[in-house]
Amino acid sequence: MATRSEGSADSAEFDAFYAATAKRLVATVYAMTGDLAEAEDAVQEAYVRAWQRWERLTGEGDPLPWVRTVASRLAISTWRRTRNRLLAHLRHGAVSDAPELSPDRVALVAALRQLPLQQRQAVVLHHLLDLPVEQVARETGSSSGAVRTRLSRARKVLGERLSDSLTHTSTHTSAHTAEGAASHG
């Protein structure tokens with residue numbers, strides 16, 4: 001494969017594309033996988049592959065959907081290969097990959113992790129990235145009807161799980177606050 005010079009116009013264009021899109025793409029893949037390190041690795045590999053095809057990708061239009069699809073597929077493939085190892089690790093109390101997050105974000109990521117993969121992808125692409133259903137269908141290789149069904153089922157499950165989580169959190173917080181007030185009173 002031919003190499004490009006570091007000072008080329010392609011390089012500057014790619015660098016600008018990377019700077020403008022990488023952070024959000026990591027967040028997207030993290031939302032799909034629930035694993036920040038895996039998301040970062042998959043996104044990095046997707047950009048490497050994009051650079052190798054940069055001329056063709058930019059000649060076809062916006063390269064972001066291609067990079068996002070590759071990153072998602074890489075992360076999912078890694079996830080599938082290591083699922084049993086991660087489940088065993090989680091059973092024994094894994095340390096969080098992410099910095100301190102708000103309780104709402106933790107609840108959302110936990111609820112997303114419990115969705116089937118195809119539903120999780122649809123939710124992240126449609127609701128977190130604001131992609132239209134038709135584009136989600138193209139990027140996931142599904143029909144628009146299948147994406148709509150996945151979104152509907154996922155919203156129902158997320159609604160139930162998140163309302164349960166919020167009820168549990170507020171009950172726990174209220175009990176903790178009352179306990180603290182009683183001990184200081």
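What is the accessible surface of the protein chain, and what share of it belongs to carbon and sulfur atoms? I recorded about 11400 Å², of which 53% belongs to carbon and sulfur atoms. The areas come from the Shrake-Rupley method with a 1.4 Å probe, and for residues only the protein chains shown count as cover.

**Basis of the entries.** I worked from a predicted model, in which local features need pLDDT of at least 70, side-chain atom pairs count only at pLDDT 80 or more, and totals for chains, interfaces and linings use all residues. Residues are numbered from 1 along each chain as its sequence is written, and side-chain values use heavy atoms, with hydrogens and water left out.

**Chain overview.** I found eight helices and zero strands in the protein chain; these are DSSP runs numbered from the N terminus (helices H or I, at least four residues; strands E, at least two). From the N terminus on, the order reads α-α-α-α-α-α-α-α. Of the 185 residues, 35% are buried (under 20% relative accessible area, with exposed over 50% and partly exposed in between; 1.4 Å probe, protein chains only). I then looked up the contacts (heavy atoms within 4.5 Å). Among those with a separation of 6 or more, 66% involve residues 24 or more positions apart.

**Helix α5.** This helix covers residues 103-114, which is 12 residues. From first C-alpha to last it reaches 17 Å, close to the 16 Å expected at 1.5 Å a residue (1.5 Å times one less than the number of residues). I listed A107, V109, A111 and L112 as its buried residues.

**Aromatic pairs.** A pair of aromatic rings is described by the distance of the centres and the angle of the planes. Rings of Phe, Tyr and Trp (its six-membered ring) pair if their centres lie within 6.5 Å; planes under 30 degrees apart count as stacked, over 60 as edge-to-face and the rest as tilted. My search of the whole structure returned seven such pairs. One of them is F14 with Y47, edge-to-face at 6.3 Å centre to centre and 80° between the planes. It joins distant parts of the chain, F14 lying in helix α1 (residues 9-33) and Y47 in helix α2 (residues 36-52), 33 residues apart. F14 and Y47 are both buried.

Is Y18 buried or partly exposed? Y18 is partly exposed because its relative accessible area is 31%, whereas Y47, at 2%, counts as buried.
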